[in-house]
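Colleague: Could you take a close look at one part of this chain for me and tell me how it sits in the whole?

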Amino acid sequence: MARRQLQPCGTPAAYRRHLYHGEEPCQQCRDAHNDRTREHGGIRIRNRARQRAYIRLASIYTEAFEVMLEEEYAKALAEEETNGGDA
Ligand SMILES: [Zn+2]
């Protein structure tokens, strides 16, 4: 593609284009931007919750967790030796 296709209004790219040109983003673009922001915030918050759930899980199943941790540690060490050497 020789010429870049401009994203139409109602996309995050068009929202940034408005700002870049010093324009007030139109409603369609604002909506697209808000949706995208919410989406990303949602993922970030979900990941934070997942992280906390892992920690709680580990505190309940301490022994199982310790065993898994040792197994994964051994695996990671082995990976490091096979891949990491010349990387
Ligand atoms: Zn627009």
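Modeller: Happy to! One term first: a residue is called buried if 20 or more other C-beta atoms lie within 10 Å of its own, and exposed if 12 or fewer do. Please keep in mind that this is a predicted model.

Let's look closely at helix H2, which covers residues 27-60. Of its 34 residues, two are buried, so H2 lies largely in the open. Its length also works out well: at 1.5 Å a residue, the helix should span 50 Å, and its end C-alpha atoms are 49 Å apart, which agrees.

Now for the surroundings. The chain has three helices and zero strands, and along the sequence the pattern reads α-α-α. Its radius of gyration is 23 Å, well over the 12 Å that the globule rule gives for 87 residues, so the chain is more spread out than a compact globule. Taken along the principal axes, the C-alpha atoms fill a box of roughly 55 × 40 × 20 Å. Burial in the chain as a whole is worth a look too: buried residues make up 3% of the 87 residues.

Notes:
Residues numbered from 1 in each chain as written. Predicted model: local features only at pLDDT ≥ 70, side-chain atom pairs only at ≥ 80, totals over all residues. Helix = DSSP H or I, 4+ residues; strand = E, 2+ residues; numbered from the N terminus. Rg over C-alpha atoms; globule rule 2.2 N^0.38 Å. Expected span 1.5 Å × (residues − 1).
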